[in-house]
Structure formats: structure tokens, C-alpha cells
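Please look over the sequence and the predicted model shown below.

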Number of protein chains: 2
Amino acid sequence: MYVESHARSVAKAVSYRALGTLGTMAVVYFYTGRIQLTFAVGGLDLVVKIALFFFHERLWGKVNWGKKPVEPSVVWFTGLSGAGKTTLSARLAERLRARGLKVEHLDGDSLREIFPATGFDRQSREEHVKKVGLLARYLEKNGVFVVASLISPYEDSRRFVRGICRNFIEVHVDTPLEECEKRDAKGLYRRARAGEIQNFTGISDPYEAPKMPEIRVNTAKVSVDEAVDQILSKI
Amino acid sequence: MYVESHARSVAKAVSYRALGTLGTMAVVYFYTGRIQLTFAVGGLDLVVKIALFFFHERLWGKVNWGKKPVEPSVVWFTGLSGAGKTTLSARLAERLRARGLKVEHLDGDSLREIFPATGFDRQSREEHVKKVGLLARYLEKNGVFVVASLISPYEDSRRFVRGICRNFIEVHVDTPLEECEKRDAKGLYRRARAGEIQNFTGISDPYEAPKMPEIRVNTAKVSVDEAVDQILSKI
């Protein structure tokens, strides 16, 4: 991100005005061939144009048409491990960025890397979700779209996050457990079934499915792009 | 925050060009009184100006002079209760906003209102500070200046925050304990001395003063504005 310095803005304005006046003078000289008239027109034109620019800006300053307030949202993906949250959310983030919007993708696993001591018991999970929710709240407040992907298995902490954000869009990635377990890209379900991982959502820990999410997606039935289109239509 | 719609930008460009050409025509007519010449100059002027604007923009696009990258910082105020952190940080935030920058002020007490269950034992405090640090990291990453004011009494969590932010400026508000206790605006020191508040920093809990903060301020010796000027010179 860059800002234009005052000096640069002034230099651009002056150079454009100079160029513009020279252009007008060239046109007048082209038609009349009269040096004196050319300079007279150029001189007066300079003054008139600066005044016109000023009034033009003042006038438009009173018109609100065409000014669109940026209202970011927090799109929160919840669902079982392997349901497709990361894939969907990454695609959504990409599509929003392509529209020139500021986007932050908060992924549960990546955030756990910053806080490696975060556990998987109920309290730790609730706190983890709330912590990410707080982040989402402040980013949203500062004009940044937030795409969050966390299992976020408990109703309680999801309600907390909804409460502190402005435009909260809950996306339940509702891929059936059997399908998630069949995919098992990271081999986590196998290890959970073998008892090597404790508190595994869907196996040894409950997943409290959202009752009224803004959007429900079953990745076993719709494609990534179809799902993302559906979400974008709600933003 | 607003963005200008494409339609508004186009409308402004067209209306300005129309106004500009009418201005030129008025000047030519004023000097010559010749209707035909006036329209000929106006017509050609229109074409020439649009071309000139285009080349002018392309040319300036190649010049980097005057483009300043926005590099936000995280200014982190640490110090005893009553040291003046909130006053200093609020003034700093105000001064940064006055420069047209995006600023988020994260105050320890206000954030505890969102997480009312946060305790004052060592672990809770460390986690609270880290949580706010995470917030600061993501806001900074998205172009927002962060001004944080928290007692943040432990070296450990302050080092963690420094590690995850890009431009971390630690301000130790080093007002002596006696002075803080004398002010005691909220009556907290009195209650801590009476044993009504536990784990009170400086009384019944340690304050690990930063060894090498970027800035050290003693509010008993310098005014708020002097201190803020000193901080601004480091940003």
C-alpha cells in the first residue's frame, strides 16, 4: 500500500495544468496562426481552468451518488475435520481479493501454530474460537473481510463470535461424517479411531451442528465454485 | 470508509472535461468573438486533452518519486496501573488519526470487558497479553496502526508479542510506584494495600520492567504532549 505525498500531488496538478494550457494554445495557434491571441487565450485559460476545477470539486463533494460504503463481513466456516472448510475458504478469499477487497484468511490450524500450547479439550477449543472471533471483529471493524475456517464445534463460542461481529455469515460445511472419514487426507480419522488422538470432533468429541447457519454446504453434492458462488451472493 | 464507484469516476471525468472545454471556448470567444473558431477550437481541444491526460498519467506511472509506502507500527505501552498509559496512548492514537492514518486503540481494560472471565493470575495475564498481541499483529499486517495499553507485567509475553509483530515499539511508562500510588485515580492501590484486590501489580504481584524498551517515559517529569512527540519521532 502506498500513499501519494503532497509534493507528488502538487507536481502532478501543476504539470497537468501546464500541459493542458500548452495543448489549448497549440489548438488556437493551429486554427489562427496568431501568436499574440494564442498567448492571450493560454493565459486566461489557465486562470479559468483552475477556478473551474475548484468549483467542480466543490460541487461533486455535495453529491453522494456513486459513493459506496465498504461493509466487510466475517464469513465463518464451521464443520468436521476434512469437510472441505480450508479449500472452500481459500477459494472464497481468493475471489474476494480478485475484487480488490482487503481479505484476511484465518485458518484454525495456522493460528494454532502461533499458539502451539492450545489444547483440544472443550475449554481450550472454546477459548481458541473466541480468540479468533476477537481478531475477526477488529479486522472487520477496520475494513478487512475475514474468512475464518475452524472446526468450531460448540454452539456457545460460535454464538459469542456472532455477537461481537457486525456482519456475521456462518457457513456450515455439512459434509457427512462418513464422507469426511472416507477422504481422511491427513490420516487423522484413522488415528482417532485407533485411539491415538483424543477429543477428536465427530469421533470422541461432539460436533454441535449450527441450527440456523446463513449457508449450509454439502461438498459431497456441490462443487467448490458452486458453493463459493452461493456464499458470494450473500455478501 | 467509502470507495468511489466506476460510474461516479466516469461521470466526474466527463463532467470535468465538458466544463474544461466550455471554459476554453468561452476564453476563445471572449478574445475573438468568432462563433465558428470557438467551436473548432473547442472540438479539437477536447480530443487533444483526452490524449494528453492519458499520456500524462502513463508518464507519472513510471515515476516513483512521492509515493510513500505505508508501514504501520504497533506501539505497546507497558507500565504500572495509574502510570498514564491510557492517557498517553489515547493522545497518540488521536495524533495518528489526525494524520489520516488508520488507528486501532487496544486498551487492556476495554478488552477485558469482552472477555469478562479473564483472571489476574500469571497465566491469565500472559494469555490476555498474547491475545491482544495476536490482534495487533493482524491489524498491523492489514495497514492499521495499533496503539495498545496494557500493564503487561511479564517479560515473557511482551517478548512473544514483539516476535509476532513487524514494527514493534515498546513504550515503558516508567512512572514511579510512589507517584502512581499517590494519584490512585481509581482507588485501586488503596484496595490492594487493604488486601481487597489480589495479584495487584507493584503491590502483590511483580512488574518485570522492560530492560531495553524503544522508549521510556516518566510522566512525573514530562508532559503528555512531550512524551507523544518523542514517540511520534520513532514511528
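B:V74 stands opposite B:V146, which lies in β5(B), where strands are DSSP runs of E with at least two residues, helices are runs of H or I with at least four, and both are numbered from the N terminus. This is a predicted model, in which local features need pLDDT of at least 70, side-chain atom pairs count only at pLDDT 80 or more, and totals for chains, interfaces and linings use all residues. Residues are numbered from 1 along each chain as its sequence is written, while chains are lettered from A and ligands numbered from 1 in the order in which they are written.

**The sheet**
- β3(B) and β5(B) run parallel and are joined by four bridges; two strands pair if DSSP finds at least two bridges between them.
- In chain B, five strands form an open sheet in the order β4-β5-β3-β6-β7, with parallel pairing.
- Because β4 and β7 of chain B stand at the edges with a single partner strand each, one side of each is left without a neighbour in the sheet.

**Helix α3(B)**
- Helix α3 of chain B covers residues 85-98, and its 14 residues reach 20 Å from first to last C-alpha, close to the expected 20 Å, which is 1.5 Å times one less than the number of residues.
- Among the buried residues of α3(B) are B:L88, B:L92 and B:L96, buried meaning that 20 or more other C-beta atoms, placed from the backbone, lie within 10 Å of a residue's own.
- The buried residues of α3(B) fall within an arc of 130° seen down the axis, so they line one face of the helix; the arc is that of the directions from the helix axis to the C-beta atoms.
- After α3(B) comes B:G100, with a positive phi near 80°.

Methods:
Buried ≥ 20, exposed ≤ 12 C-beta atoms within 10 Å, placed from the backbone.
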